[in-house]
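Please keep the sequence and the coordinates in view while reading.

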Amino acid sequence: MEIEKNKDYEIIVFPNQDEGLKAQRILVTNGMDFKHISSLAVAVSGAMAEDACKIILKEMGILGGHYKFLYRDYEEDFFKKAEGYKVSGANGEFLKSITLCYVAPCMADEKKIRLIAYFDRDISEILPYLNSVIKGASYNKNAPTLTYARERRLVNLYNIKVTIAKADDILDAWKLLDDIKDLINTTYRNKDGIQPNYKEKVKVTALQIYGWLPKTNCKACGEATCLAFAVRLLQGEQKLSKCVPLSTESKFAENKKIMQEMVEALGV
Ligand code: SF4
């Protein structure tokens, strides 16, 4: 199937190569048109996405999920890169694999995707070491979870799974999962030389951030209010430097210094 501009498509994602190839055989057998992206994903027309998923599930196939493929400038590039991307297989000394089990559009931004993937083993013992290694991570030893921002993406590591919000697309998701696997394995390999950090980070709220802002609601940052700016800064969607008075007026120099430390500690 050729992908044409200004048409609706959905990307269907599979948890592993075996399931991906099985699902694609089912689609072929049932005469359904699709574009092969890799053994882990296909594109189908938006109108037939639901039917394609139903047929795969009816014939005992397994899906990771599906999301709307929005035409973007780099579309051709996306297919080229996604076709050429080799998702790392079941290798690695500590963590062998991460299986992508759920994909859906982000609730707050349908241009982004969220996902859940499962580890092939419990990684709880490595979380305090990752808490040392990952700048700005937030560790909760009771859960246990480790949360951090990777640029604008939000990563939550649990004992046996990882959730990611605001990934760009499935290619971005595969790369993130491979990076996470490498990070966990490298940290495990080097753990004798890393001081584990069991400390939980003090939580910072949007209101606390707001307290250090100029509170003029001047809109120079592109937000309607300083509070909206604080919320988006906390979510990693704004940059401190975008607050013009804070960056340019000497009376806010001290606030700026404090906020820079805050933002650095938050890793946003
Ligand atoms: S630029 Fe700074 S002071 Fe102005 S609205 Fe944005 S956060 Fe508030």
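Helix H7 buries Cys 226, Phe 229, Ala 230, Leu 233 and Leu 234. Here a residue is buried if 20 or more other C-beta atoms lie within 10 Å of its own, exposed if 12 or fewer, and partly exposed in between, with C-beta atoms placed from the backbone. Viewed along the axis of H7, these buried residues fall within an arc of 130°, so they line one face of the helix. The arc is taken over the directions from the helix axis to the C-beta atoms. Helices (H or I, at least four residues) and strands (E, at least two) are DSSP runs, numbered from the N terminus. The buried residues of H7 pack against H6, where contact between two residues requires their C-beta atoms, placed from the backbone, to lie within 7 Å.

The model is a predicted one, in which local features need pLDDT of at least 70, side-chain atom pairs count only at pLDDT 80 or more, and totals for chains, interfaces and linings use all residues. Residue numbers start from 1 along each chain, following the sequence as written.

The ligand is surrounded by 15 residues, of which the closest are Cys 218, Cys 221, Cys 226, Phe 229 and Cys 243; a residue is near a molecule or strand if its C-beta atom, placed from the backbone, lies within 6 Å of it. H7 and helix H8 (244-248) each supply at least two residues of this shell, and H8 gives the most, with three residues. By type, the shell divides into 11 nonpolar, two polar and two charged residues. In this division Ala, Val, Leu, Ile, Met, Phe, Trp, Tyr, Cys and Pro count as nonpolar, Asp, Glu, Lys and Arg as charged, and the others, Gly among them, as polar.

After H7 comes Gly 236, with a positive phi near 80°. Gly 236 sits in the loop between H7 and H8. It counts as buried because 20 C-beta neighbours lie inside 10 Å. Gly 236 is also one of the residues touched by Arg 152, together with Lys 166 and Glu 237, not counting residues up to four places away in sequence.

Arg 152 itself lies in the loop between S8 and strand S9 (153-157). With 15 C-beta neighbours inside 10 Å, Arg 152 is classed as partly exposed. Its contact partner Lys 166 belongs to strand S10 (residues 161-167).

Most residues other than glycine have a negative phi, and most peptide bonds are trans. Lys 166, not a glycine, has a positive phi of about 70°, and it is buried, with 22 other C-beta atoms within 10 Å. Lys 215 likewise has a positive phi, of about 60°. Lys 215 is found in the loop between helix H6 (206-212) and helix H7 (226-234) and is partly exposed, with 13 other C-beta atoms within 10 Å. The peptide bond from Ala 143 to Pro 144 is cis, with omega near -15°. Pro 144 is located in the loop between strand S7 (138-140) and strand S8 (145-150).

Helix H5 (residues 170-189) has 20 residues and reaches 28 Å from its first C-alpha to its last, close to the expected 28 Å; the expected span is 1.5 Å times one less than the number of residues. Among the buried residues of H5 are Trp 174, Leu 177 and Ile 184. In helix H2 (residues 49-58), Ala 49, Ala 52 and Ile 56 are buried. They cover an arc of only 65° around the axis, which puts them on the same side of H2. The face turned away from that side carries the exposed residues Glu 50, Lys 54 and Lys 58. The cover over the buried residues of H2 includes strand S1 (9-13), helix H1 (17-29), strand S3 (41-45) and strand S4 (65-69).

The whole protein can now be set out. Its secondary structure comes to nine helices and 10 strands, and buried residues make up 30% of its 268 residues. The domain assignment, automatic or from a database, gives domain 1 (9-84), domain 2 (98-193) and domain 3 (206-266). The C-alpha centres of domain 2 and domain 3 lie 27 Å apart.
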